[in-house]
Amino acid sequence: MSPERLNDICQFLDCQPGDLLIYIPDNDAEKAEKNQQKLSKGINIAKHQLPKTDKEVTEDIAA
């Protein structure tokens with residue numbers, strides 16, 4: 001993810017990057033799996049709430 005995209009997400013959600021990102025050591029597989037599921041749900045929700053990119057708007061118009 002680019003820093004610009006992270007900035008856009010944080011601005012839209014009025015949050016800090018630390019509210020969105022977590023560090024999970026590779027050696028804790030069970031915890032990593034649970035957190036990945038939570039993160040995936042959060043990302044899917046955020047994707048539907050973010051403003052569309054210029055490319056997405058162009059694709060919608062073309063369709």
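Guide: Gladly! Helices (H or I, at least four residues) and strands (E, at least two) are DSSP runs, numbered from the N terminus. By that reading, the protein has four helices and zero strands, in the order α-α-α-α along the sequence. Please keep in mind that this is a predicted model, where local features need pLDDT of at least 70 and side-chain atom pairs count only at pLDDT 80 or more, while totals for chains, interfaces and linings use all residues. Residues are numbered from 1 along each chain as its sequence is written, and side-chain values use heavy atoms, with hydrogens and water left out.

Visitor: How do you know where confidence is highest and where it is lowest?

Guide: From pLDDT, the predictor's confidence in each residue, from 0 to 100. Helix H1 (residues 3–13) has the highest mean, at 90, and helix H4 (residues 54–62) the lowest, at 67. The protein averages 75, and 62% of the residues score at least 70. Where pLDDT is low, the predicted coordinates should not be read in detail.

Visitor: What makes Cys 10 buried or exposed?

Guide: Cys 10 has 8%, so Cys 10 is buried. Cys 15, at 15%, counts as buried too. Of the 63 residues of the protein, 11% count as buried.

Visitor: What puts the buried residues of H1 on the same side?

Guide: Leu 6, Ile 9 and Cys 10 are the buried residues in question. They cover an arc of only 95 degrees around the axis, so they lie on the same side of H1. That arc is taken from the directions from the helix axis to the C-beta atoms. On the other side of H1, Glu 4 and Gln 11 are exposed. The buried residues of H1 pack against helix H2 (17–20).

Visitor: Which residues does Leu 20 touch?

Guide: Leu 20 is part of helix H2. Contact means heavy atoms within 4.5 Å. Not counting residues up to four places away in sequence, Leu 20 touches Leu 6, Ile 9, Cys 10, Leu 13, Cys 15 and Leu 39. Between Leu 20 and Cys 10 there are 8.4 Å, C-alpha to C-alpha, and they are 10 residues apart in sequence. Leu 39 belongs to helix H3 (residues 29–49).

Visitor: Why are Leu 20 and Leu 39 called partly exposed?

Guide: Leu 20 has a relative accessible area of 26%, so Leu 20 is partly exposed. Leu 39, with 30%, is partly exposed as well.

Visitor: What makes the phi of Asp 14 worth a look?

Guide: Phi of Asp 14 is near 55 degrees, a positive value in a residue other than glycine. Asp 14 sits in the loop between H1 and H2. With 72% relative accessibility, Asp 14 counts as exposed.

Methods:
Buried < 20%, exposed > 50% of the residue type's maximum accessible area, 1.4 Å probe, protein only.
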